[in-house]
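Here is a short briefing on selected loop and helix residues. Have the sequence and the structure open as you read.

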Amino acid sequence: MPKAKVAFATLLLWSSAAAANSIGAEHDAPYEICALCHSLDGVSRMAKFPKLAGQPAPYIEKQLHDFLEGRRSNDGGQMAAIVTEITPDDFPAVAQWFANQTAPAPDEAGDVTEGMAAFEDLGCASCHSADRANDLTPHLTAQHAAYLEKQMIDFREGDRSNDLGGMMGAAMTQVSDAQIAELAAYLAATARESQ
């Protein structure tokens, strides 16, 4: 191989290694590891991962602590494992990053009148409406329907219990699978009101 080509190949390899080192974990913002699943803008593309954009920062931070301290788990334990790769001192920065992102757009849906009626009839609005939500209550609107459905079932079945005062578990005990699906479809298709 001619010397010029060897020199060029060596330079290319060196610059690639230097670039790789410059984006190492020690230089990454702490929220970037979360972006692998939740997207950097907080609007995840897969329903398995919730949309974090525009959620209250204290709610996000609480969930991180709950995963780290074993008060919350998820299928496969991905969050319990990944949260150990962020220091608790960085939790506020992670939470603030996603809280500051633009809230997601709602999903397109068909008729959601049954879900809207269930939302009112079951008293969901008392905690989850825009004017009643507090910083430790998540926004449910414009969230993935499948994610919402799974969380409601998990609360009902006792597989999730890290909510404030066990209110969700109690609220979901008499809610049928059909109502849960209707609620999830309605919430996913509803634009988020600003607070």
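Ser39 counts as buried, because its relative accessibility is 15% and the cut-off for buried is under 20%. The model is predicted.

**Loop residues with positive phi**

- Ser39 sits in the loop that runs between helix H2 (32-38) and helix H3 (57-68).
- The phi of Ser39 is near 70 degrees, which is positive although the residue is not glycine.
- Ala142 lies in another stretch, the loop between helix H7 (125-128) and helix H8 (145-157).
- Ala142 also has a positive phi as a non-glycine residue, near 60 degrees.
- Ala142 is buried, and its relative accessible area is 0%.

**Helix H6: the buried face**

- Helix H6 covers residues 113-121, and its buried residues include Gly115, Ala118 and Phe119.
- Viewed down the H6 axis, the buried residues fall within an arc of 105 degrees, so they line one face of the helix.
- An α-helix has 3.6 residues a turn, so residues three or four places apart point the same way.
- The packing partners of the buried H6 residues are H7 and helix H10 (177-188).

**Helix H6: the exposed face and the end**

- Glu114 and Asp121 are exposed, on the face of H6 turned away from the buried side.

Conventions. Residues are numbered from 1 along each chain as its sequence is written. This is a predicted model: local features need pLDDT of at least 70, side-chain atom pairs count only at pLDDT 80 or more; totals for chains, interfaces and linings use all residues. Side-chain values use heavy atoms; hydrogens and water are left out. Helices (H or I, at least four residues) and strands (E, at least two) are DSSP runs, numbered from the N terminus. Buried means under 20% relative accessible area, exposed over 50%, partly exposed in between (1.4 Å probe, protein chains only). The arc is that of the directions from the helix axis to the C-beta atoms. Contact means heavy atoms within 4.5 Å.
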